[in-house]
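Have it open beside you while you read.

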Amino acid sequence: MQAAAAMPLSENARAAATRTAPHVTIRGLSKRFSDATIYDNFDFDIPRGKLMSVFGPNGCGKSTLINMIAGLFPMDSGEILFDGQPLNKIKFGYVFQNYREAMFPWLRAFDNVAYPLKVMGVPKAERTARVERIVANLNVKIDLNLYPYQMSGGQQQLVSIMRALVVDPEILFLDEPFSALDYEMTLFMREQLQRVFVETNTTTVLVSHDLEEAVYLSDRILLLSRHPARPVEFVHYDAPRPRTDKTMTEAEFINIKAHCLEIFQREVRKG
Amino acid sequence: MNWKRMQVLLPFVGVIVLLAIWSFATWMRVVDPVLLPSPIATFKAMWAGMFHGKLGIDFVKTVERTIYSTIIAALIAIPLGILLGSSEKLYRSVEFLIDFFRSTPASAMFPLFLVLFGVGDRTKISVAAFGAALVILFNVAYGVMNARKTRILAARVMGASRVRVLWDVMLLESLPQTFVGLRNGVSLALVIVVVAEMFIGSVDGLGQRVFEAQQMFDMPAMYAAIFAAGALGYGLNLLFLTIERRFVHWSGK
């Protein structure tokens, strides 16, 4: 609201600008660990309303990148802005790889999902309503009165995705969310994530170590080099959603996947 | 299926074997009957002592002292342990003191506490509380320090403040370890209370009962008091385990 008042743009121009402007701008990001420079003056724009995957060689700093964007790790220098605002001004969701350690085992699944609302000071009645709404939207069929340790791994990760979404985040981060699940559950969870994305169109950043998964789910694939990481290519994949098993047999999917793999292997060999 | 049902009775096998050997030994007079009375004489003495004699009163006295000292220890040690555990630097700076006094036999502190509190309940309870507090403190502090990093990050990423992370996450994360501390603490408190009852001009308590029965060579009464103390120790441990299962349902899961 205040920003609108300060900006000398017409309504329409502003709306157009926000539609096309990048959601997140990363400028001059640098990060050193004791033994290596992971990022050195890294610049990147994350597009709005897209599902973007980050893919690259081992240890290139895929997770480190989203951890720094989400404020879990400090960066050494640089600036990351969300529509021009710092992290503490926006609502975002974060899904950890290790759901077992990211859930609160002393709370029932329902209260786990409601927890971020409690932190925000939302009254109890509204918390309940919002959790129920998200359960209905996602068509979740889990007994949320269970404790996390009474659920399967996939159910727990689904609960933690709901916990990330319940605040109506402007952006959603997922750090290898399915890598601790078995294959059957992974396939199921990919569909769940795709549905969430189709329904909410939330800007989503996914770190994946599975190229097929990254291409299948994404509109954009950011391929990183070995550290110090730089963007090697930003691959576009615009196949319509919902994508299905059939999508993976189409020529476009196969070509894009092969292209990404080629770049990936070239980067690996450079190391 | 019958075998499955029988398995519930397994814990009693050891008890029955012990009683059989004991009966056999007294019947064969392997040991001087003055030193080892028969199980029946012992349990008669226990029954009579618990319900008609002084043993029951002594039992209650020891329970009171043990519970008071554990409560005092918990009230001091749990908040202090959370405070120390929430900052690793703070804990490291007092770690040596905690470990040193934790390693000091609490019985060596009796004379000091006698000077401070005189002869009476206050001394017994405070020595036991001192011993138990250090055990609880150590466990609580480690419970807080070892809180899962991911869980703390998860709370922080959802916008929880430092105080909220401490209250909502670290405190609950430390509960399983806190209960380990409480169980060890109450066991230690019982040991110290019983020893204190034996030696510092006591007039009641299980320790005093054991000691007095020994002085009067009333062996059935002495064994009865020993078994009462054993039952008390076992019962307290069981009580804390039950509370733990009820309140820390996620422990070990």
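In which loop of chain A does A:D168 lie? Point 1 has the answer, and the other points go on from there; bear in mind throughout that this is a predicted model.

1. A:D168 sits in the loop between α7 (153-165) and β6 (171-175) of chain A. I'd look at its backbone first: phi is near 55 degrees, a positive value in a residue other than glycine. Most residues other than glycine have a negative phi. As for its surroundings, A:D168 counts as exposed, because it has 11 C-beta neighbours inside 10 Å and the cut-off for exposed is 12 or fewer.

2. A:E176 belongs with that point. Its phi is near 40 degrees, again positive in a residue other than glycine. A:E176 lies in the loop between β6 and α8 (183-200) of chain A. Here the neighbour count inside 10 Å is 19, so A:E176 is classed as partly exposed; the cut-off for buried is 20 or more.

3. Chain A also has cis peptide bonds to check. One joins A:H227 and A:P228, with omega at about -5 degrees, and A:P228 is found in the loop between β8 (220-224) and β9 (231-236) of chain A. Another runs from A:R241 to A:P242, with omega near 0 degrees. A:P242 falls in the loop between β9 and α10 (251-270) of chain A. Most peptide bonds are trans.

4. Now the interface. There, 16 residues of chain A are in contact with 13 residues of chain B. On the chain A side, α4 (99-102) and α5 (109-119) each supply at least two residues, and α5(A) gives the most, with three.

5. On to chain B as a whole. Its secondary structure comes to 11 helices and zero strands, and the C-alpha trace spans about 75 × 65 × 30 Å along its principal axes. Of the 253 residues in chain B, 37% are buried. Among the contacts in chain B with a separation of 6 or more, 74% are between residues 24 or more positions apart.

6. Take a look at helix α2 (residues 10-27) of chain B. With 18 residues, α2(B) reaches 26 Å from its first C-alpha to its last, close to the 26 Å expected at 1.5 Å a residue. How many of its 18 residues are buried? The count is zero, so to speak a helix that is hardly covered. Just after α2(B), B:R29 takes a positive phi of about 55 degrees.

7. Helices α8 (residues 149-157) and α9 (residues 162-199) of chain B make a pair. Their axes come within 10 Å and cross at roughly 160 degrees, which means that α8(B) and α9(B) are roughly antiparallel to each other. The crossing is right-handed. B:R151, B:I152, B:A155 and B:R156 of α8(B) make the contact with B:V165, B:D168, B:V169 and B:E173 of α9(B). By class, that gives four nonpolar, no polar and four charged residues.

8. α10(B) passes α11(B) in a left-handed crossing. From α10(B), the residues are B:L206, B:R209, B:V210, B:A213 and B:Q214, and they meet B:A221, B:M222, B:A225, B:I226, B:A228 and B:A229 in α11(B). This contact has nine nonpolar, one polar and one charged residues.

9. Last, B:L190 in helix α9(B). Is B:L190 buried or exposed? It counts as buried, because it has 26 C-beta neighbours inside 10 Å. Leaving aside neighbours within four places in sequence, B:L190 is in contact with B:T66, B:L232, B:G233 and B:L236. The C-alpha atoms of B:L190 and B:I67 are separated by 8.7 Å, although the two residues are 123 apart along the chain.

Key:
Residues numbered from 1 in each chain as written. Chains lettered and ligands numbered in written order. Predicted model: local features only at pLDDT ≥ 70, side-chain atom pairs only at ≥ 80, totals over all residues. Helix = DSSP H or I, 4+ residues; strand = E, 2+ residues; numbered from the N terminus. Contact = placed C-beta atoms within 7 Å. Expected span 1.5 Å × (residues − 1). Left-handed = near helix turned anticlockwise from the far one by under 90°. Nonpolar A, V, L, I, M, F, W, Y, C, P; charged D, E, K, R; others polar. Axes fitted to C-alpha atoms, helices over the stretch in contact; angles between N-to-C directions. Parallel < 35°, antiparallel > 145°, perpendicular 65-115°, else oblique.
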